[in-house]
Amino acid sequence: MSYSYKRILTVQDISCVGQCSLTVALPILSAFGCETCILPTGILSNHTAKDFHGFTFQDTTAYFPAIFDKWKENDITFDCVYTGYIGNKEQISAILEGLSLNRGKLIVDPAMADNGRLYTGFDDDFVAEMKKLCDRADILLPNLTEACLLTGTPYKETWTPREIRALCSSLGRSVILTGVPCGDKIGVAICNDEDFTLYRHKRIPRSLHGTGDVFSSVFVGEYLRSGDDLAAAKKAARFVVRCIEHTDADHWYGAMFEPFLRTL
Ligand code: PXL
């Protein structure tokens, strides 16, 4: 193998329809040449956004202990664990327990809220439990709403760079913060031990589901390839912009990212 072949475990749901979670992470991480193992946190008919008329959810928590035991028995380890949408707070403690396995870096996308509001089905108890998972992460990938919820900061629309930096610092680790309003642009803040960068890019006046998952998956793939969080965040932001720009106007439930996989 001429490059470093990485084995990732990604922990998120299977939304059978909706272009989010595993149906996004699997193709994107595979396109980066990573072996992508999965732990499905649930099986949903479709994602939980209001555009669909309801959804079904099959909880998979009960399977976790046996799966973790088998992995232990077979000495299965990962270069990286990347978590996304988790169905309920009980699952988070089960995942925290299971992740005592040799797991390399832990990258957490808290995937629980957007536009100032929690997703359907989540409450303050869930946020408190998610905070425990975030506290174990090496890199956190929240959007602005999630960062506010995790730190008890009131959500608002206008921020100074100084406030954004303080918000990232209060999360206490390497943070890639998405959806930062910057006038007529939108920004990604990249904050680690050494640096703080606010990368501003084109704002497209269209909000599509699953773009957070597209961003996180591209970030993880590029970060594992290069080890450079700034380069990975920029690449992920540009990729998301491109996908949104090329998504048909009547395609309402997700972003058409597939035609661009070969550019990764
Ligand atoms: O893209 C985030 C996400 C993932 N999975 C499910 C969701 C959402 C956002 O609403 O509902 C099931």
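**Ground rules.** I worked on a predicted model, where local features need pLDDT of at least 70, side-chain atom pairs count only at pLDDT 80 or more, and totals for chains, interfaces and linings use all residues. Residues are numbered from 1 along each chain as its sequence is written, and side-chain values use heavy atoms, with hydrogens and water left out.

Entry 1: I took helices (H or I, at least four residues) and strands (E, at least two) as DSSP runs, numbered from the N terminus. Two packed helices are described by the angle between their axes and the distance between the axes. Axes are lines fitted to C-alpha atoms, for helices over the stretch in contact, and angles run from 0 to 180 degrees between N-to-C directions. I looked up helix α1 (residues 22–31) against helix α7 (residues 211–226): the angle is about 30° and the axes are 9 Å apart. That makes α1 roughly parallel to α7 (angles under 35 degrees count as roughly parallel, over 145 as roughly antiparallel, 65 to 115 as roughly perpendicular, the rest as oblique). I then listed the contact (heavy atoms within 4.5 Å). From α1 come V24, A25, I28 and L29; from α7 come D213, V214, S217, V218, V220 and G221. By class I noted seven nonpolar, two polar and one charged. Ala, Val, Leu, Ile, Met, Phe, Trp, Tyr, Cys and Pro count as nonpolar, Asp, Glu, Lys and Arg as charged, and the others, Gly among them, as polar.

**Entry 2: α7 and α8.** Next I checked α7 against helix α8 (residues 229–245). The angle is about 145°, with axes 8 Å apart. This crossing is right-handed. Residues of α7 in the contact include F215, F219 and Y223, and those of α8 include F239, V240 and I244. The contact has 13 nonpolar, one polar and four charged residues.

**Entry 3: cysteines.** I searched the whole structure for disulfides (cysteine sulfur atoms within 2.5 Å) and found zero. For C34, the nearest cysteine sulfur is that of C80, 8.4 Å away. That is too far for a bond. I count as buried anything under 20% relative accessible area, exposed over 50%, partly exposed in between (1.4 Å probe, protein chains only). C34 is buried at 10%, and C80 is buried at 0%.

**Entry 4: buried spots.** I found T41 in strand β2. T41 is buried, at 0% relative accessibility. Beyond four places in sequence, T41 touches residues including V11, F57, F64, Y85 and I95. In helix α3 (residues 89–98), the buried residues are Q91, I92, A94, I95, L96 and G98. They pack against β1 (7–17), β2 (35–46), β3 (57–59), α2 (64–73) and α4 (124–135).

F260 sits in the segment after α8. F260 is buried at 11%. Not counting residues up to four places away, F260 touches F239, R242, C243 and H246.

**Entry 5: positive phi.** Most residues other than glycine have a negative phi. Which phi did I find for S21? It is near 50°, a positive value. S21 lies in the loop between β1 and α1 and is buried at 2%. A111 has a positive phi of about 25°. I placed A111 in the loop between β5 (105–108) and β6 (113–114), buried at 6%.

Notes
Left-handed = near helix turned anticlockwise from the far one by under 90°.
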